[in-house]
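Subject: Structure handover

Hello,

Here is the structure we discussed, with its sequence.

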Amino acid sequence: MKYAVIGSGSKANSYIFSHDKFSCLIDNGYSFVELQNRLSRINIDIGTIKFILLTHTHADHIHGVKTTARKLKIPVFVNKEIDISAYLPSDKIDLRFIEKEKTYRFGPFYFLPFETYHDATGSLSYSLKIADMTFTVITDTGKVSNTMFNIAKKSDILFLEANYNKNMLKTGPYPKMLKERIESPYGHLSNSDAIDFLNNLFKGESKLKLVYFCHLSEVNNNPEVLEEEIISNGTFNIPYIICPRDKFQEGFNPINLEINENLDNYKKPYNYITNARSRKDVLLF
Ligand SMILES: [Zn+2]
Ligand SMILES: [Zn+2]
């Protein structure tokens, strides 16, 4: 099992999950060549991608979907509520229409789409089960819901949006309208929204083992500011990784306790793994 955040943030977003030469992509904001280059960093052949799950139609998520689906001749799963014809032509792409809160299977993957609250009609995100691991992506949502809460606590690994620091957004250069859009219940999650969500999750039973903070704004956030907020306000007790904007972030297995000597090769992202009991707790897939 391998997985990675191919990149996240306002420029482009994509996630890969790969098992036994069968891979699933969630979104793709990258060109085919860039996707290929990024996948080669963890030795995943682009030809192993067998399907794409689309969250919503914003360019940072859909930009590279058409080309990837056409070149690889693979299906794209989209919410039936989205009028997708303006983005993906059904005569050239194998579109499969899905509904929120129904569980689907494709090859060895099970996936559960759930509603997100965002200014794009029919926005969804996904929980994905493969080889006894459950991964959930919660980004591009202005608020969290009970459904998200229940799905997240049953997941092993969570990719959670931490889009902006409230003060940086408030005092930053964005026009008033854009600031209001981002802060609205149909915008993005702030750092404190994300931290509160995790704190609440750990007040009860949770299976969660590792969190990736994703979709950081370039203008209204940075990894150091987020880390400070987590240290001051976070009471959740699991390791986390902050994914700097647009940076490829390899997946780690938080379950095995063996030492991976190669971790030093991954110093940069690893420096952001804090709150772990020890370095030995984290193993590269
Ligand atoms: Zn969006
Ligand atoms: Zn986005």
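Residues are numbered from 1 along each chain as its sequence is written, and chains are lettered from A and ligands numbered from 1 in the order in which they are written.

Overall picture

The mean pLDDT (the predictor's confidence in each residue, from 0 to 100) is 89 for the protein chain, and 89% of the residues score at least 70. The stretch to treat with care is residues 256-285, where pLDDT stays under 50. Two residues are in contact if their C-beta atoms, placed from the backbone, lie within 7 Å; by that rule the model has 43 contacts beyond four places in sequence for residues 256-285. Where pLDDT is low, the predicted coordinates should not be read in detail.

The protein chain has nine helices and 16 strands. These are DSSP runs numbered from the N terminus, with helices (H or I) of at least four residues and strands (E) of at least two. Of the 285 residues in the protein chain, 43% are buried. Buried means that 20 or more other C-beta atoms lie within 10 Å of the residue's own, exposed means 12 or fewer, and partly exposed is in between, with C-beta atoms placed from the backbone. Among contacts in the protein chain with a separation of 6 or more, 65% are between residues 24 or more positions apart.

Sheet with S1

Seven strands make an open sheet with mixed pairing, in the order S6-S5-S4-S3-S2-S1-S14. Strands count as paired if DSSP finds at least two bridges between them. S6 (95-98) and S14 (249-250) are at the edges with a single partner strand each, so one side of each has no neighbour in the sheet. Helix H3 (residues 65-72) packs on this sheet and touches S4 (49-53) and S5 (76-79), its direction making about 150° with that of S4. Axes here are lines fitted to C-alpha atoms, for helices over the stretch in contact, and angles run from 0 to 180 degrees between N-to-C directions. S1 (residues 2-7) and S14 run antiparallel and are joined by two bridges, with Val5 opposite Gln249.

How enclosed is strand S9 (residues 124-130)? Seven of its seven residues are buried, so S9 is largely enclosed by the rest of the structure. Leu124, Tyr126, Leu128 and Ile130 are buried on one side, and Ser125, Ser127 and Lys129 are buried on the other. S9 runs antiparallel to S8 (residues 109-115), with six bridges, and Phe114 stands opposite Ser125. S9 is also antiparallel to S10 (residues 133-138), with four bridges, and Ser127 faces Thr136 there. S9 and S10 form a hairpin with two residues between them, and Ala131 in that turn has a positive phi of about 50°. At the other end of the order, three bridges join S12 (residues 210-214) to S13 in parallel, with Val211 opposite Tyr240.

Helix H4

H4 (residues 146-153) has Met148, Ile151 and Ala152 buried. They lie on the same side of H4, because they cover an arc of only 100° around the axis, taken from the directions from the helix axis to the C-beta atoms. Exposed Asn146 and Asn150 are on the face turned away from that buried side. The cover over the buried residues of H4 includes S8, S9, S10, S11 (157-161) and H7.

His188

This residue is in the loop between H6 (176-183) and H7 (191-201). Is His188 buried or exposed? His188 counts as buried, because 26 C-beta neighbours lie inside 10 Å. Beyond four places in sequence, its contacts are Asp140, Gly142, Glu161, Asn163, Tyr164 and Ile182.

The largest nonpolar core has 69 residues, and Ile16, Val76, Leu160, Val211 and Phe213 have the most contacts inside it. Such a core is a set of buried Ala, Val, Leu, Ile, Met, Phe, Trp, Tyr and Cys residues joined through C-beta atoms within 7 Å. Leaving aside neighbours within four places in sequence, Ile16 is in contact with residues including Tyr3, Ile6, Leu25 and Leu39.

Regards

How values were computed:
Predicted model: local features only at pLDDT ≥ 70, side-chain atom pairs only at ≥ 80, totals over all residues.
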